[in-house]
Amino acid sequence: MKIVTRFAPSPTGYIHIGNVRSAIYPYLLARQQKGKFILRIEDTDRARYVDGATELIEDTLKWLGLDWDEGPIVGGPNAPYFQSERMEIYHRWARKLIESGRAYADPTPPEQVEEYRKKCSESKIPFLYRNFRPEYTPEWKPGIPLRFKAEPKPYEWHDEVMGDMHTGPEVLDDIILIKKDGYPTYNFAHIVDDAEMGVTHVMRGVEYLSSTPNYLALYEALNLPRPKFVSLPHILAPQGNKKLGKRDGAKSATEYRDDGVLPEAMLNYLACLGWNDGTEQEIYTKDELIERFSLNHIQNSGARYDETKLLWLNGQWLRRVFDEQGANALYTRTNGFWPETAGNYDDNYKVKVLSIIYDRLKTLSDLRSMTGYFFSEPNIDLDLLINNKFIKKLSESEIESLLKQSIAKLSSLKSWNADSLQAALNELLSETGKKPAELFSLIRIAISFAPFSPALHLTMEVLGRDVTLSRLNAVARSI
RNA sequence: GGUCUCUUAGUAUAACGGUUAGUACAACGGGUUUUCAUCCCGUCAACGCGGGUUCGACUCCCGCAGAGAUCACCA
């Protein structure tokens, strides 16, 4: 049997990272089993619809490399993939239920329903609408909601993550199938769509676990085969024990993209949050994830979202891209992350800067704060120089003469490259008798005025002879 | 309140009856000719509680406690 999975988000805003995992797992399973991955937009709630949200969802999936076989843009044999365009399909299935006596139009006004509900909660008994079924039900027509007519009984099913499940008849109820505005509820629409689209594995958050018996009843009444159920545990907010949500400041995946997180790292982190392959591997490529993914290794308890680990992984990935694919490969990812002043410099120079700073980056946006002095003259801040914990030990005259000696030595260099610079620095050390910490800190700060920078000889090589010497001279003059 | 689920260090996880309970992030300490980082080495730190079953239990069973989900004309 060919595996078919889907990601079925609602276009109610950006999808935060807690939700993208619900796209990653179905994607991995589909690719591993050479099946199909469908993207379906569940836009039946017109009140919560947000303009542009669909594009945001598509962007997120594309950024992560989660391509879909059927859905918006690409189309497919089960089009349309927007629920709002599938109304006739839902109404067709709804009529079948009416004909078989398993659905009824409910004329009860919402206020009345609310009253029933209140009465139950006051007397601490579970609210079940089927105990309040209206005596007379009109013919179904627009403006009247359609309810399922439950036939309560126990249910048993298997969840690929949670195991064998069973419930009693007390959870079955007359759920709304079609709202009074004619749009189907999620409860009804997803079942119809999954069946029509041939979805074999329904993967979604655990919050739907409690509703599953009602879905089971619906599959029966519609005479549809049950799919496999895969409940995904929640991702928890950094604080507390609540599911991660936008209120906790959960960022969207695209925000991380704009902060300079690589999609490889994001995918890696999210995939491994609540899943593992049983080995001690930490870094996975997308292909490795596809190969190793398995439902039975999905964790069944919630996993806390830990941005620190994501950033660590991102650092690992930044280095991995550089080391395995080369400086240019990483450079192509840095567009938009350089300081503004970098615009005046060519690609070649920026690749060099990247090559000596890349192992210090946690995110690409660090480039903005870390590389300023490569692209514009730093402000001479003598306090920063004098208060440095190593330079503090030197007297003002020592500083002056050390700078002069350094300038003389570096000016005399015939060739200006990392090796010759390192040799010159070593000579300076032995000639002055100073510790590396003292001499190197002095030169380093004089040419960068940054709290930290790459190795000194590499920094000087990239800056070039003219810039290095003119900065040293400027500092020597102002001492 | 009903129903259902979950429970290994601060965090993510390994173990599927027999281990000094492993790994990673974080924290802390140290090393690599300056700084920051990388890299390397080390330290700290966990089986929620109580009963069983068993020669033996983190692993199986039963209670309890704690945490979470759900009970919408939202998904």
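These legends go with a few close-ups of a predicted model. In this predicted model, local features need pLDDT of at least 70 and side-chain atom pairs count only at pLDDT 80 or more, while totals for chains, interfaces and linings use all residues. Residues are numbered from 1 along each chain as its sequence is written, with chains lettered from A and ligands numbered from 1 in the order in which they are written.

**View 1. Histidine 166 and its surroundings.** Histidine 166 sits in strand S6, residues 163-167 (strands are DSSP E runs of at least two residues, helices H or I runs of at least four, numbered from the N terminus). Leaving aside residues up to four places away in sequence, histidine 166 touches Pro154, Tyr155 and Glu156 (contact: C-beta atoms, placed from the backbone, within 7 Å). Proline 213 is 47 residues apart from histidine 166 along the chain, yet their C-alpha atoms are separated by 8.6 Å.

**View 2. The surface near RNA strand B.**

**View 3. Domain 1 beside domain 3.** Domain 1 covers 4-82 + 236-304 and domain 3 covers 326-375, bounds that come from an automatic or database domain assignment. Their centres, taken over C-alpha atoms, are 29 Å apart. Four residues of domain 1 are in contact with six of domain 3.

Technical notes. Two residues are in contact if their C-beta atoms, placed from the backbone, lie within 7 Å. A residue is near a molecule or strand if its C-beta atom, placed from the backbone, lies within 6 Å of it.
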